Amino acid sequence: MLIKQKTHIGALVGLVLAAVNLRLAVTSIGPVLTEIRAGLGMSATTAGLLTSVPVVCFALIGLASPRLARRFGAARVILSGLVLLTVGLAVRPYTGAPAPFLLFSAVALAGIALVNVLLPSIVKDRFPDRVGTVTGLYSVALNIGATTAAAATVPLTSAFGDWRLGLACWALAAVIALPPWLLLARSRSATPQDQDQDPSPVRVSRHPVAWALAVYFGMQSTSAYVIIGWLPQIYRDAGLSASLAGVLFAVTSLLGVPLSFLLSAYAGRLRSQSGIAVALGLFGIAGWTGLWLSPGAAPWLWATLLGVVNAAFPLALTMIALRGRTPATVVRLSAFAQSVGYLFAIPGPIVVGLLHEVSHGWRLPLALMIVLMIPQLTAGYFAGQNRQI
C-alpha cells in the first residue's frame, strides 16, 4: 500500500513537472524575437514560420504517440519526449543560422507533442477517481510555465547579456522534470497500455464523441492562438498604449491559473460537462462581440471574458480523459482529438491576419471569431455528454 502511494506521489510530481515544460519552447520566443532575428539574420518570413511550427508539430507528431506508447510504454515515451525537449531547447540558440534554429525548435516541439498526448492517459491510469482535479493541477502548472517563460526571458537575457543564454536556460526546467519519469519508466506498471492490451483496439475516428472532442479542441485552440497572436495589436490599434495592451493580454493568461484548477476539478465531478462548455462558449461570444463593438470601451471586461473562455483548454483535456473507458483508449482519443484539433487550428491566426490586411481593420476578423464560437459551443455540448468510448 505504501509503495503504491509513493508511486502515485511520484506520478503526480512527474505530471506537474512535465506540464510546466509544455509551452516553454513557444512562449520564450516572442519576447526576444527581435534579438533572434538580428543574431541569426532571420527574415520576416522565416520568423513567421516560428508561429506555425508548434501547431504543425503538435498535430503531426501527436498522431504517432499511441503506437509508440503501445510498443514502449507511455512513461518511456514521455521520458523520451522530455529528452527531445531538453536537447532542442539547449541547442537551438547556438545553431548560428535560421534553418537549424527552426530544426531544433521542431525537435523540442516534437518532444512536447509526445508529452501532450500521453499525459491524459497517465491521469486516467493513476488517478481514475480524481481525473478533473489532477488535470486541473497540471493545467495550472502548464499556465504557470508558459507565463513565467514569457515574463522572465527578457530579464534573463538582460542579466546574462546574451539572448542565447536567456533562451537556453529553459532547458534546465526540462532537465528537472526527467528524474521522476526515469523512475516511472523503470516501473513495471509504467504504462496503462501494459495493463490494457486490447487485440482489437477501438478506432476512435469512427466515434462521434471523438469528432466532437476534435472540433472542440480545434476551435478552442483557434481562439487561444488568435488571442496570443493578435489581441495586443487589436488593443493598440484601438488607441491603447503598448504597456496597457500587454497588461490586458497578461490578464487573459493569468486568469487561466485559478480557472484551470477550479473548472477541471468541478467538471471531473459531473457526469456531463456540456453545460460548462456551453457557458464558456457564451463567454467567448460576449468577449469577441465586445471587441467587435469597441475594443476601448471596456477593455478590462473584454480581456476578462476572453480569459474565461481560455479555460476551454483544461476542460478539453478533462473531457478527453473522461470520455475514454480505459487508459489505452484515452491515449488514442487524446492523439486523435489533439492532432486533428490542431490541424483545424492552423488556419485561424493566418486567416485573421489576412482579413485584417484586406479589410484594413478588425471588425471583419472579429466577426469571424464570433461566428467560430458557435461550432465550439456546439461541439462542446456533444463532447461533454455522459458517453464513453
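Visitor: Which residues of α15 are buried?

Guide: Please note at the outset that this is a predicted model, in which local features need pLDDT of at least 70 and side-chain atom pairs count only at pLDDT 80 or more, while totals for chains, interfaces and linings use all residues. Residues are numbered from 1 along each chain as its sequence is written, and side-chain values use heavy atoms, with hydrogens and water left out.

The buried residues of α15 are P299, W302, A303, L305, L306, G307, V308 and V309. Here, buried means under 20% relative accessible area, exposed means over 50%, and partly exposed lies in between, with a 1.4 Å probe and protein chains only. Helix α15 spans residues 299-309, and eight of its 11 residues are buried, so that the helix is mostly covered. Helices are DSSP runs of H or I with at least four residues, and strands are runs of E with at least two, numbered from the N terminus.

What covers these residues? The buried residues of α15 pack against α11 (208-237), α12 (242-254), α13 (256-267), α14 (274-293), α16 (312-323) and α19 (363-383). Contact means heavy atoms within 4.5 Å.

One of the buried residues of α15, L305, also belongs to a core of 22 residues that includes L240, V352 and I370. A nonpolar core is a set of buried Ala, Val, Leu, Ile, Met, Phe, Trp, Tyr and Cys residues joined through side-chain atoms within 4.5 Å. The largest nonpolar core has 96 residues, and I36, F101, L119, W181, Y216, L280 and L315 touch the most other members.

Leaving aside neighbours within four places in sequence, L315 is in contact with Y216, L263, S264, A267, Q273, I276, A277 and L280.

Let us now step back to the whole chain. The chain has 19 helices and zero strands. Its radius of gyration, taken over C-alpha atoms, is 20 Å, close to the 21 Å that the globule rule gives for 389 residues, so the chain is as compact as a globular protein of that length. That rule is 2.2 Å times the number of residues to the power 0.38. Of the 389 residues, 53% count as buried. Among contacts between residues at least 6 apart in sequence, 83% join residues at least 24 apart.
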